[in-house]
Amino acid sequence: MGMGGISIWQLLIILVIVLLLFGTKRLKNIGADLGGAVKGFRSAMSDSSKDDEDTKQLEEGKAERTEGAEVGAGKSADKDKV
């Protein structure tokens with residue numbers, strides 16, 4: 001490879017050094033913790049998108065009720081004028 005490129009042999013040497021430093025059991029625990037964190041993050045993101053949709057629906061419902069109340073109030077005011 002050219003300058004600055006990492007070959008497969010360099011990656012293998014780094015992997016062996018990491019395995020010697022941490023051991024397989026500790027790396028397994030780190031991987032499980034990282035996977036759990038990613039899973040929690042994804043579920044939180046999907047929950048927040050559902051919450052956003054629910055909030056939009058509630059706001060639309062409130063706007064419709066407010067418009068309906070204003071129209072209803074206008075009709076009763078017209079009856080008073082007669």
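Visitor: Of the 82 residues of the chain, what percentage count as buried?

Guide: In this predicted model, 0% of the 82 residues count as buried. The chain exposes about 7,600 Å², of which carbon and sulfur atoms supply 63%.

Visitor: How many helices and strands does the chain have?

Guide: The chain has one helix and zero strands; that helix, α1, covers residues 8-81, and Ile6 is found in the segment before α1.

Visitor: Which residues gather in a patch of negative charge?

Guide: On the surface, Asp47 gathers with Asp51, Glu53 and Asp54 in a patch of negative charge, and the place of Asp47 is in helix α1.

Visitor: Why does Asp47 count as partly exposed?

Guide: Partly exposed is the class between buried, under 20% relative accessible area, and exposed, over 50%; Asp47 counts as partly exposed because its relative accessibility is 42%.

Technical notes
Residues numbered from 1 in each chain as written. Predicted model: local features only at pLDDT ≥ 70, side-chain atom pairs only at ≥ 80, totals over all residues. Heavy atoms only, no water. Patch = residues over 30% accessible without salt bridge, like charges linked within 9 Å, V, L, I, M, F, W, Y side chains within 5 Å. Areas by Shrake-Rupley, 256 points an atom, 1.4 Å probe, with all protein chains shown as cover. Salt bridge = Lys/Arg side-chain N within 4 Å of Asp/Glu carboxyl O. Lys, Arg positive; Asp, Glu negative; His and termini not counted. Charge placed at Lys NZ, Arg CZ, Asp CG, Glu CD. Helix = DSSP H or I, 4+ residues; strand = E, 2+ residues; numbered from the N terminus. Buried < 20%, exposed > 50% of the residue type's maximum accessible area, 1.4 Å probe, protein only.
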